[in-house]
Amino acid sequence: MYGEKNFDEKFKELGEYYNINSPDEIRRQLEENENILALLDELKPYLEETFSEAEYTLEMNFEPEMDDEFIILRLDVSKERFYNGIGDEIRAFELKIWNIEKRLNVLREVLIMPGIRNV
């Protein structure tokens, strides 16, 4: 799936692009579903195009009511952008990347949420 690169190399590259909270948990989730890793790699140009000034953070979320774990991709932006329509921008972004998620069969494993960047 990774060409000449192994999982460890791809995970290291991921950490060079995304801030990773709880790296052991994120790594475990990615090992269980390598398509998520492919999705996060393919999202990079789309993130740069739409949210170039954002900081990108990956963190785990667990929904105990549903016994469901998923990765949150948090887009940390300025306070001004956060309060002025970031939710609409994220919904438009999700529509733009839907075909990628569908092709990789990663429809519920990654949730995109806004955050406020620490200055």
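Reply: Axes here are lines fitted to C-alpha atoms, for helices over the stretch in contact, and angles run from 0 to 180 degrees between N-to-C directions. The model is predicted. Its mean pLDDT is 91, and 92% of the residues reach 70 or more.

First, the setting. The chain holds five helices and four strands. From the N terminus, their order is α-β-α-α-β-β-α-α-β.

Now the pair. Two packed helices are described by the angle between their axes and the distance between the axes. Helix α1 spans residues 7-17, and helix α3 spans residues 34-50. Their axes come within 11 Å and cross at roughly 30°. Angles under 35 degrees count as roughly parallel, so α1 and α3 are roughly parallel to each other. The crossing of α1 past α3 is left-handed.

The contact itself draws on both helices. From α1 come Phe7, Lys10, Glu13, Leu14 and Tyr17. From α3 come Leu37, Leu40, Asp41, Lys44, Leu47 and Glu48. By class, six of these residues are nonpolar and five are charged. None is polar.

Finally, the chain as a whole. A compact globule of 119 residues would have a radius of gyration near 14 Å. The chain has 14 Å, so it agrees with that value. Along the principal axes, the C-alpha atoms fill a box of roughly 40 × 35 × 30 Å.

Notes
Residues are numbered from 1 along each chain as its sequence is written. This is a predicted model: local features need pLDDT of at least 70, side-chain atom pairs count only at pLDDT 80 or more; totals for chains, interfaces and linings use all residues. Side-chain values use heavy atoms; hydrogens and water are left out. pLDDT is the predictor's confidence in each residue, from 0 to 100. Helices (H or I, at least four residues) and strands (E, at least two) are DSSP runs, numbered from the N terminus. Angles under 35 degrees count as roughly parallel, over 145 as roughly antiparallel, 65 to 115 as roughly perpendicular and the rest as oblique. A crossing is left-handed if the near helix is turned anticlockwise from the far one by less than a right angle, and right-handed if clockwise. Contact means heavy atoms within 4.5 Å. Ala, Val, Leu, Ile, Met, Phe, Trp, Tyr, Cys and Pro count as nonpolar, Asp, Glu, Lys and Arg as charged, and the others, Gly among them, as polar. The radius of gyration is taken over C-alpha atoms; the globule rule is 2.2 Å times the number of residues to the power 0.38.
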